[in-house]
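Reader: I am new to protein models and would like to learn how to read one feature at a time. Could you take me through this one slowly, giving the general idea before the particular case?

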Amino acid sequence: MAAEGTTAAAATAGEGGKALHELYPANAYMELTLSAESGGEKVSGIFHCTDEISNTVVLRSSLVYTTLSSQIRFVGAATIAESKVIRKAGEEGGEAAAEGEAGPTAAEIEEMSRPLPPPPTKKALEEREKRALKTAMEHMKHINDSATPLGQATFDKLLKACNSVEWVDGTAIVVLGEVRVDEPYGPEDCVLIRPGKTERERNLAMDSLNRVKKIIAHKG
């Protein structure tokens, strides 16, 4: 015979005249013992919701040794051998406190009782897909099938450092619209496209040229 506060769970929804949401009330902290056929595992957590059609209960339990605060678990009601209410929704104590068991902390209860974020809408998914496709297309522009492995590696290095880099004339690289790098992509292969008309413009152009040369010369 089960101890007080511990009941043999209904194998199917509605058994004993009770629906799943009555057997497993929302926001109650319960401990489940699965059947021997299901491994006899003990599962505990906040009950999130139930589904009468699939005869499934959904609970939210805390996690340890991870950056995630909780996990969602689906349990078939037919696999539950026993259930025990540790703390009812809104209670400060519960059976665990009464029996001297550790049970969940107030912080754990509060964390797991927070509502889950709503599922993304169709519009949000479409916008996410558009952004992903745009990012993929931008990335494809940076890949040059005509370039040598060294040329592609040089392009990727310059792109990471300078952001504004493009392929021109097949295998030549233009950085910041000011410096051109031709094969075999050494520092000596860097030339200014526009040297500048004023002294200030010439100084800025030379700074850009020297920066590109240093990036290319850097091993790593």
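Author: Let us begin with strands: two strands pair if DSSP finds at least two bridges between them. In this predicted model, strand E2 (residues 29-34) and strand E3 (residues 42-51) pair in the antiparallel sense over 5 bridges, and Glu-31 stands opposite Ser-44 in E3.

Reader: Which strand pairs with E3 over 5 bridges in a hairpin, and how many residues lie between the two?

Author: The partner is strand E4 (residues 56-62), which pairs with E3 in the antiparallel sense over 5 bridges, with Asp-51 standing opposite Thr-56 in E4. The hairpin formed by E3 and E4 has 4 residues between the strands, and Asn-55, in the turn, has a positive phi of about 55°.

Reader: How should I read a positive phi, and which other residues have one?

Author: The general idea is that most residues other than glycine have a negative phi, and most peptide bonds are trans. Asp-169, which is not a glycine, has a positive phi near 50°; Asp-169 is found in the loop between E7 and E8, and with a relative accessibility of 64% Asp-169 counts as exposed. Leu-176 is not a glycine either, yet its phi is positive, at about 60°; Leu-176 has its place in the loop between E8 and E9 and, at 31% relative accessibility, counts as partly exposed.

Reader: What about helix H4: how far apart are its end C-alpha atoms, and how many of its residues are buried?

Author: In general, an α-helix has 3.6 residues a turn, so residues three or four places apart point the same way. For H4 (residues 122-141), the 20 residues at 1.5 Å a residue should span 28 Å, and the end C-alpha atoms are 29 Å apart, which agrees. The number of buried residues among the 20 of H4 is 0, so H4 lies largely in the open.

Reader: Where is Thr-171, and is Thr-171 buried or exposed?

Author: Buried means a relative accessible area under 20%, and Thr-171, at 18%, is therefore buried. Thr-171 lies in the loop between strand E7 (165-168) and strand E8 (172-175), and, leaving aside residues up to four places away in sequence, Thr-171 touches Asn-144, Ser-146, Ala-147, Glu-183 and Tyr-185. Ser-70, in strand E5 (residues 70-76), is also buried, at 17%, and the C-alpha atoms of Ser-70 and Gly-45 are separated by 9.5 Å, although these residues are 25 residues apart along the chain.

Reader: How many disulfides does the structure hold, and what should I picture when I hear the word?

Author: A disulfide is a covalent bond between the sulfur atoms of two cysteines. The structure holds 0 disulfides; Cys-49 counts as partly exposed, at 37% relative accessibility, whereas Cys-162 counts as buried, at 8%.

Reader: To finish, how many helices and strands are there, and what percentage of residues count as buried?

Author: The secondary structure comes to 6 helices and 10 strands, and 29% of the 220 residues count as buried. The protein exposes about 14300 Å², of which carbon and sulfur atoms supply 55%.

Conventions. Residues numbered from 1 in each chain as written. Predicted model: local features only at pLDDT ≥ 70, side-chain atom pairs only at ≥ 80, totals over all residues. Heavy atoms only, no water. Expected span 1.5 Å × (residues − 1). Buried < 20%, exposed > 50% of the residue type's maximum accessible area, 1.4 Å probe, protein only. Contact = heavy atoms within 4.5 Å. Disulfide = S-S within 2.5 Å. Areas by Shrake-Rupley, 256 points an atom, 1.4 Å probe, with all protein chains shown as cover.
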